[in-house]
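Please look at the structure below before reading on. The notes that follow take up a helix pair and a sheet.

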Amino acid sequence: MNFKKLILISGVVFFCHQLKAQSTIDYKFDFGPGKAAKNYIKILPKTSFVDNKKYGFDFDSEVQGIDRGGKNLLNADLVRSDKPFYFSVQVPEGNYKVTLILGDAKEAALTTVKAESRRLMLEDVKTKAGQYVVKSFIVNVKSKNIKDGRIVGLKPRELTKLDWDDKLTLEFDHQTALAGLELTKVEDQITVFLAGNSTVVNQENEPWASWGQMIPRFFKPGVAIANHAESGLTLSSFQGSRRLNKILSIAKPGDYLFIEFGHNDQKEKGANDGAYKSYTERMKIFVSEFKKIGGIPVIVTSTSRRSFGADGKTQNTLGDFPDAARKVAKEENIALIDLNMMTAKLYDALGEEKSKKAFVHYPANSYPDQDKPLADNTHFNPYGAYEIAKCVVLGIKTQQLGIAKYIVNDFTDFDPSKPDDPMVWKWPESPNSSLIKPDGN
């Protein structure tokens with residue numbers, strides 16, 4: 001069932017529903033202490049995922065249940081919180097359409113939604129008192145199991161990540177007013193698989209972030225982002241840990257594979273290693289294997305590190321690897337998103353000092369137990385990851401990829417040399433933070 005439209009009658013918003021025969025409704029939840037709407041599961045503030053192992057509030061979340069009254073049972077009651085809270089549902093691997101009813105009959109609200117390991121899904125959804133909005137997005141849920149009986153070789157730190165558990169978890173931030181939620185498993189999405197390292201992976205904890213976890217915010221339903229990147233990986237270790245096998249086992253014709261490596265590959269010093277040797281050969285394997293299943297590979301050059309030369313401009317610290325990636329794209333006649341070039345423009349526009357605002361540069365005591373400053377010129381904070389995700393979306397539009405038609409309407413043409421002001425851009429931080437630098441550099 002999907003929410004087709006909103007009807008305003010005497011100042012009250014009612015929701016009209018229409019069945020979609022091609023979709024299977026997995027869950028429909030009505031939040032708040034009032035009577036449940038027909039065919040909806042009632043979710044009270046005390047409904048705990050830990051208790052029933054199927055659905056409920058998670059990680060000791062606390063919300064207030066409110067019953068405003070009214071004939072429309074679905075939006076007559078709700079839950080609210082001005083602190084982050086989590087709601088989880090146990091589901092198998094796949095793509096899921098999440099549809100939310102946000103709003104409150106008597107108070108304004110502001111909502112940002114993240115999924116799983118801090119993937120940005122909705123940003124700053126505002127509702128006035130008496131206003132309700134319906135928002136939908138697609139969340140990809142992963143499993144480490146591969147169809148041939150093998151499993152993905154996860155790193156120890158991945159074993160506790162929300163990205164790799166057996167449930168779908170949503171994080172609600174700001175001053176959320178949540179009235180309803182529908183969860184539908186969908187088979188008709190174009191899946192965009194991401195293969196990469198720490199600059200791409202969904203970073204679980206503040207203040208670390210990567211472009212792969214920000215890019216879902218820029219797509220409408222129709223596209224699912226499946227991020228299989230992990231910190232510290234090279235093309236070789238991505239393949240060796242069976243992550244490419246996993247992608248190939250679930251991808252379908254028409255899906256995409258975005259490939260971004262280089263930061264860690266350049267540290268491999270074997271006789272056959274190097275930008276124009278093993279790096280080029282392995283990247284061509286990724287491309288050819290994905291083409292075999294009818295997929296569309298896209299090469300993404302590595303993000304520049306924050307390194308300024310004497311002329312005050314970003315200098316290349318990645319040697320021949322960006323050039324090698326460009327050559328593979330040309331030789332294989334596939335799309336190229338030159339993120340290396342765009343991120344250099346981005347840092348140059350910010351300048352040597354202000355560009356720290358895009359990376360994990362924080363004075364001591366910015367986070368719990370942080371007695372020393374954080375100064376990392378490779379790994380991004382949420383602002384930097386968000387800006388780089390915009391660069392990737394720009395590349396998708398410039399390359400005229402088929403998925404460009406699913407880019408959200410509020411994405412205006414982005415110019416890396418004119419980034420958003422980091423002093424104005426805001427991010428609602430998630431509760432958990434870490435001082436441990438991600439693998440790789």
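**Notes on a helix pair and a sheet**

1. In α6, residues A275, Y276, Y279, T280, M283, K284, V287 and K291 meet F321, D323, A324, A325, K327, V328, E331 and E332 of α7; contact means heavy atoms within 4.5 Å. The residues of this contact divide into nine nonpolar, one polar and six charged. Here Ala, Val, Leu, Ile, Met, Phe, Trp, Tyr, Cys and Pro count as nonpolar, Asp, Glu, Lys and Arg as charged, and the others, Gly among them, as polar.

2. This is a predicted model, in which local features need pLDDT of at least 70 and side-chain atom pairs count only at pLDDT 80 or more, while totals for chains, interfaces and linings use all residues. Residues are numbered from 1 along each chain as its sequence is written, and side-chain values use heavy atoms, with hydrogens and water left out.

3. The axes of α6 (residues 275–292) and α7 (residues 321–332) come within 10 Å and cross at roughly 40 degrees. Therefore α6 is oblique to α7. Angles under 35 degrees count as roughly parallel, over 145 as roughly antiparallel, 65 to 115 as roughly perpendicular and the rest as oblique. Axes are lines fitted to C-alpha atoms, for helices over the stretch in contact, and angles run from 0 to 180 degrees between N-to-C directions. Helices (H or I, at least four residues) and strands (E, at least two) are DSSP runs, numbered from the N terminus.

4. An open sheet is formed by five strands in the order β15-β14-β16-β17-β18, with parallel pairing. Two strands pair if DSSP finds at least two bridges between them. β15 (223–227) and β18 (335–337) are the edge strands, each pairing on one side only. From one strand to the next, the twist averages 25 degrees.

5. β17 (residues 296–300) pairs with β18 in the parallel sense over three bridges. V298 has A335 in β18 as its bridge partner.
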